Amino acid sequence: PICINCGQCANVCPVDSITERQDWVKVAQAVKDPSKVVIVSTSPSVRVGLGEEFGMPIGTNVAGKMVTALKRIGFDKVFDTNTGADLTIMEEANEFIERVQNGGVLPMITSCSPGWVRFAEKNYPEQLAHLSSCKSPHQMFGAMIKSYFAEKYQVPREKICVVSVMPCIAKKYECSRPEMEVDGLRDVDYVITTRELARMIKQ
């Protein structure tokens, strides 16, 4: 079978020999670098998954504790990926209206899941026209930080490091795709998983 970077092999490996690539150490180094402005964005599911890593009941909402931990680690700004999701919803809606009004390819399918996008690319390339051209929420958020935020707060784009905390290993692959880069700078510099964030907090 063709790997779609979904992470299920790491999820079910009985001996923990298959794990996600550990990027949290690089993130910790970036946080300690005084020349960088390190911005973190967390997926909504992280706030209810992170507590399990600390022995809390499944589904415990630890949003406040998580934000406090991120600030104490040293991130310069802490955001929720819902900001990017709101932008994605508006962009996808506009794209859908444009397709309906101008005879575009329908049905239109979201491109928010990088595992699904890779699955389609590898197995059903003839269906790619159905995928939305929009970036996923965390990628859209990263692009906004390195454009609008950089300009508004007068921070050079090259000094900004964007970190996404995601429940999905495929997001690591997604941020490395060539189309997720503008003028040699990635929209999102690092993706760490909920487990990696827990390791970072424990460290």
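**Figure 1. Strand β3 in the predicted model.** Seven of the seven residues of β3 are buried, so the strand is largely enclosed by the rest of the structure. The coordinates shown here and in the other views are those of a predicted model. I160, V162, S164 and M166 point one way from β3, while C161, V163 and V165 point the other way. Residues on both sides of the strand are buried.

**Figure 2. Pairing of β3 with β1.** Strand β3 covers residues 160-166 and is joined to β1 by six bridges. The two strands run parallel. Among the facing positions, V37 stands opposite I160 of β3, and I39 stands opposite V162 of β3.

**Figure 3. Pairing of β3 with β6.** Strand β6 consists of residues 190-193 and pairs with β3 over four bridges. The sense of this pairing is parallel. V165 has I192 of β6 opposite; V165 is also among the residues in contact with S41.

Figure 4. Five of the six residues of β1 are buried, so β1 is largely enclosed by the rest of the structure. T42 has D80 as its bridge partner in β2.

**Figure 5. Surroundings of S41.** S41 lies in strand β1, which spans residues 37-42. Its relative accessibility is 0%, and because buried means under 20%, S41 counts as buried. The side chains of S41 and T81 are joined by a polar contact of 2.6 Å. When neighbours within four places in sequence are left aside, S41 is in contact with F79, D80, T81, F141, V163, S164 and V165. D80, another contact of S41, is the bridge partner of T42.

**Figure 6. The whole protein, for orientation.** The protein has nine helices and six strands. The radius of gyration is 18 Å, close to the 17 Å that the globule rule gives for 203 residues, so the protein is as compact as a globular protein of that length. The C-alpha trace spans about 55 × 50 × 30 Å along its principal axes. Of the 203 residues, 40% are buried. Among contacts with a separation of 6 or more, 74% are between residues 24 or more positions apart. The accessible surface is about 11100 Å², and carbon and sulfur atoms account for 56% of this surface.

Methods: Residues are numbered from 1 along each chain as its sequence is written. This is a predicted model: local features need pLDDT of at least 70, side-chain atom pairs count only at pLDDT 80 or more; totals for chains, interfaces and linings use all residues. Side-chain values use heavy atoms; hydrogens and water are left out. Buried means under 20% relative accessible area, exposed over 50%, partly exposed in between (1.4 Å probe, protein chains only). A polar contact is a pair of N or O atoms within 3.5 Å; within protein, one must be able to donate a hydrogen and the other to accept it, and residues adjacent in sequence count only if both atoms are side-chain atoms. Contact means heavy atoms within 4.5 Å. Two strands pair if DSSP finds at least two bridges between them. The radius of gyration is taken over C-alpha atoms; the globule rule is 2.2 Å times the number of residues to the power 0.38. Accessible areas come from the Shrake-Rupley method with a 1.4 Å probe; for residues, only the protein chains shown count as cover.
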